[in-house]
Amino acid sequence: MTSPAVECRQVSLVYPLVRDRPGSFKEQVIRSLRRKIEVDELKAIQDLSLQVEYGEVLGVIGDNGAGKSTLMKVIARVLPPTEGRVIVRGLVAPLIELGAGFNPELTATENVILYGAILGRSPGEMAERSDAIIAWAGLSEFADVAVRAFSSGMLARLGFSIVTDINPDVLLVDEILSVGDQSFRERSRERVGHVMDRGAATILVSHDMQMVQDLASRAIWLDRGWIREQGSPEDVIAAYTARPR
């Protein structure tokens, strides 16, 4: 039996929240000695277990603050879990916060090579692919321009083009298919569709219920870090939309 592409085993992630933050280092020392700094916890993910098979598309829905993006970052190894274990088998393409890893002082071409290296590809391979990657993003005339001059939309297009240029085993998509103009959204969906068709395990986070229903083979509803419902996209979406407001 083939092992799943993604396994989350009783995963929890807790953010510390410092209350009554002191205004200076001196005040911080004094308050720490007096033990007056209050530290609370935000449980972003709570005892979450799931598996995603190769070729499967898992839709993740829920309100803002439910833990959806945190789950994606944990699977992408951007954030380590506080408890539990995450196992990812294969190359991961994270379509989350595109452009966050760019160096603003480097050109688009240089960032293609740098960002590709972060994703595990060789600098030589990325240098050979850089022209095609930048062209797909519609940014050929800006290849030698420092990306500090780019708009957020240009950065997103470049980041998307880099990430989807590989053949990943696991694809993480966090709302990116809902950004940009209509032409970019259509091209993005088509390209992600090709990655899915090649058998990648895909986790899709979206507030677009129709997109989840159209693309996902299974869905989960996250609620304050817990899996509230899981099953067919139709059933999970129905339960989510019928929740008390």
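The model is predicted. Its six-stranded open sheet has mixed pairing and runs in the order S5-S6-S7-S3-S8-S9. Twelve salt bridges are present in the structure, and the largest pocket holds about 350 Å³ of space.

**Sheet**

- From one strand to the next, the twist averages 15 degrees.

**Strand pairing around S8**

- Strand S3 (residues 57–61) pairs with strand S8 (residues 218–223) in the parallel sense, over four bridges.
- Within that pairing, Ile61 has Trp221 in S8 as its bridge partner.
- The pairing of S8 with S9 is antiparallel and extends over five bridges.
- Trp221 also has a bridge partner in S9, namely Glu229.
- Two residues separate S8 and S9, which form a hairpin.
- Arg224, in the turn of this hairpin, has a positive phi of about 50 degrees.

**Salt bridges**

- The structure has twelve salt bridges, one of which joins Arg89 to Glu7, with the closest N and O atoms 2.8 Å apart.
- Arg89 is in the loop between strand S4 (83–88) and S5, while Glu7 is in strand S1 (residues 6–19), so this pair ties together parts that are 82 residues apart in sequence.

**Largest pocket**

- The space in the largest pocket comes to about 350 Å³.
- The lining has 14 residues, and those closest to the pocket centre are Ala76, Val78, Pro94, Ile118 and Leu119.
- Strand S5 (92–95) and helix H3 (108–118) are the elements that give two or more residues to the lining.
- By class, ten lining residues are nonpolar, one is polar and three are charged.

Terms used: Residues numbered from 1 in each chain as written. Predicted model: local features only at pLDDT ≥ 70, side-chain atom pairs only at ≥ 80, totals over all residues. Heavy atoms only, no water. 1 Å grid on protein atoms, 1.4 Å probe; cavity = no way out; pocket = protein on both sides within 12 Å on 5 of 7 lines; lining within 4 Å. Points joined across faces, edges and corners; volume = space filled by probe spheres on them. Nonpolar A, V, L, I, M, F, W, Y, C, P; charged D, E, K, R; others polar. Pairing = 2+ DSSP bridges. Axes fitted to C-alpha atoms, helices over the stretch in contact; angles between N-to-C directions. Salt bridge = Lys/Arg side-chain N within 4 Å of Asp/Glu carboxyl O.
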